Amino acid sequence: MSDFHYRDGGLWAEDVPLTQIAEQFGTPTYVYSREYFETQYRAYADALGDHPGLICYAVKANSNLGILSLLAQLGAGFDIVSGGELERVLMAGGDPARVVFSGVGKTAQEMRRALEVGVHCFNVESTAELDRLESVAAETGARAPVSLRVNPDVDARTHPYISTGLKENKFGIAIDSAVYAYRRAAASGHLEVVGVDCHIGSQLTELAPFLDALDRLLLLIDQLAEEGIRLKHIDLGGGLGVRYRGEEPPPVSDYLGAVRERLGDRKLELVLEPGRSIAANGGLLLTRVEYLKRTEEHNFAIVDAAMNDNLRPALYQAWQDIVAVEPDNGEVESWDIVGPVCETGDFLGKRRELALQPGTLLAMLSTGAYGFSMSSNYNSRPRAAEVLVDGERTYLVRARESLADQVRGESRVPEKN
Ligand code: LLP
């Protein structure tokens, strides 16, 4: 049985009916299944098997402390991209020695803090960043563990906004200049070269681009070894896709099986940074129909969730399934599901076949990744509540924002004199 399933005419999260969650916590609310996150994490850990390495969950996909803590309890590592994400991992009980620090714009302050707590490594994205890291490390007397993020110039064949491994993207060091950057890092007494990484994009549904990137990285690793620069690990980033609609991404075991085979008997630890494939289908967004509005062109259902809660449809024209929590609800028609925000782009789904009345409870599926974490207060809307379900238990892992939360830190100005 899947973690979100129909039982007794209604949709449930594990052993809790979603109608109950809506009643208790209100809407819009993100609902997560603990079981799902655990299963997905374990799929990676099991596929890694006895090969030394780390599964570093990409915190940006869903950075709720409840989610991070359950992963920390399973021994997960974490991929972070900011000082804020680092502090979240620490608060959730994550082990800093299992943290890889990615991102193109690390500040000196963020580097200092990461050195202080002892992260596994910095995934360095440019020679300018290498210079900054070296001087921060020198200042603190530490030796910074470094992996260089190389841009292997492969086409991930995914949405252009989430494709990152092409020459034209801002990410990483071009693979042709990587050797020079490695020499430079290896010559520094304040840097310790430990690995190489790449991340070619997100929502990949085939293995070939991952394996192309891997082959290019392995060539680089061999070239570096000839110069006496020996790497301990290879980090292939995240990117494995999920099923939103008809996609059929390869299972984790196929992916890691193919990677391990290519690595052969090289003494290289394997690091991965999965986000979406652990989180996306572990969450849904619960929302209620406020109004129905029929025009000559369309039937609109105005719901209480909006683009500020889930930006993916507006930003990437992403398709995520929207289902009725209690489907036996009268005549099915075609509806555009839209939010209350003052933007034409504020839609959650178009032309969805549903039976709707004012008050109908809907669930937008596959929203556990890049859902809440990309939400905002646009239109001064409070960010949604987040509830984690564990069997028959529910945990409010984030209370709905209050007005006081929203205006904290703001102030009025005195009258002009
Ligand atoms: N590692 C790095 C360096 C990344 O930049 C990312 C995602 C990941 C790992 C995790 O990738 P995943 O396994 O989740 O594909 N907001 C977009 C996705 C942006 C992904 C950014 N980087 C969306 O909603 O589709």
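Predicted model: local features only at pLDDT ≥ 70, side-chain atom pairs only at ≥ 80, totals over all residues.

A helix here is a DSSP run of H or I with at least four residues, and helices are numbered from the N terminus. The protein chain is divided into two parts, domain 1 (4–32 + 280–407) and domain 2 (34–277). Both domains give residues to the shell around the ligand, so the shell lies between them.

**The two domains**

- The C-alpha centres of domain 1 and domain 2 are 32 Å apart.
- Across the boundary, 22 residues of domain 1 are in contact with 20 residues of domain 2.
- On the domain 1 side that touches domain 2, the elements giving two or more residues are strand S20 (385–390) and strand S21 (393–398).
- S20 provides the largest share of that side, with four residues.
- Sorted by class, the side of domain 1 that touches domain 2 has 11 nonpolar, seven polar and four charged residues.

**Around the ligand**

- Which residues come nearest to the ligand? Of the 20 residues around the ligand, these are Ser-202, Gly-238, Gly-275, Arg-276 and Tyr-370.
- Helix H10 (276–279) and helix H11 (312–316) each supply at least two residues of the shell around the ligand.
- The shell around the ligand is made up, by class, of seven nonpolar, nine polar and four charged residues.
- An unreviewed UniProt entry lists Gly-239, Glu-273, Pro-274, Gly-275, Arg-276 and Tyr-370 under "binding site".

**A closer look at Gly-275 and Arg-276**

- Is Gly-275 buried or exposed? Gly-275 has 24 other C-beta atoms within 10 Å, so Gly-275 is buried.
- Arg-276 is buried as well, because 27 other C-beta atoms lie within 10 Å.
- Apart from its neighbours within four places in sequence, Gly-275 is in contact with Tyr-57, Ala-58, Lys-60, Ala-61, Gly-238 and Ala-369.
- With neighbours within four places in sequence again left out, Arg-276 is in contact with Ala-61, Ser-202, Gln-203, Val-242, Ala-369 and Tyr-370.

**Strand S14 and its partners**

- Strand S14 (residues 283–294) runs antiparallel to strand S4 (residues 29–33), and four bridges join them.
- In this pairing, Val-31 has Leu-284 of S14 as its bridge partner.
- S14 is also joined by four bridges to strand S19 (residues 361–364), again in an antiparallel arrangement.
- Here Arg-288 stands opposite Leu-361 in S19.
- Five bridges link S14 to strand S15 (residues 299–303), and these strands are antiparallel too.
- The bridge partner of Leu-292 in S15 is Ala-301.
- S14 and S15 form a hairpin, with four residues between them.

- Strand S1 (residues 4–7) and strand S2 (residues 10–13) run antiparallel and are joined by four bridges.
- Phe-4 stands opposite Ala-13 in S2.
- In the hairpin of S1 and S2, two residues lie between the strands, and Asp-8 in the turn has a positive phi of about 50°.
- Two bridges join S2 to strand S3 (residues 16–17), and the two strands run antiparallel.
- Ala-13 has Val-16 as its bridge partner in S3.
- The hairpin of S2 and S3 has two residues between the strands, and Glu-14 takes a positive phi near 45° there.

**A stop at Ala-142**

- Where does Ala-142 lie? Ala-142 is in the loop between helix H6 (127–140) and strand S9 (144–151).
- Ala-142 counts as partly exposed, because it has 17 C-beta neighbours inside 10 Å.
- Leaving aside neighbours within four places in sequence, Ala-142 is in contact with Leu-115 and Ala-137.
- Ala-142 and Arg-112 are 30 residues apart in sequence, and their C-alpha atoms are 9.6 Å apart in space.

Key: Residues numbered from 1 in each chain as written. Near = placed C-beta within 6 Å. Nonpolar A, V, L, I, M, F, W, Y, C, P; charged D, E, K, R; others polar. Domains from an automatic or database assignment. Contact = placed C-beta atoms within 7 Å. UniProt positions renumbered as here; feature names shortened; annotations may be inferred. Buried ≥ 20, exposed ≤ 12 C-beta atoms within 10 Å, placed from the backbone. Pairing = 2+ DSSP bridges.
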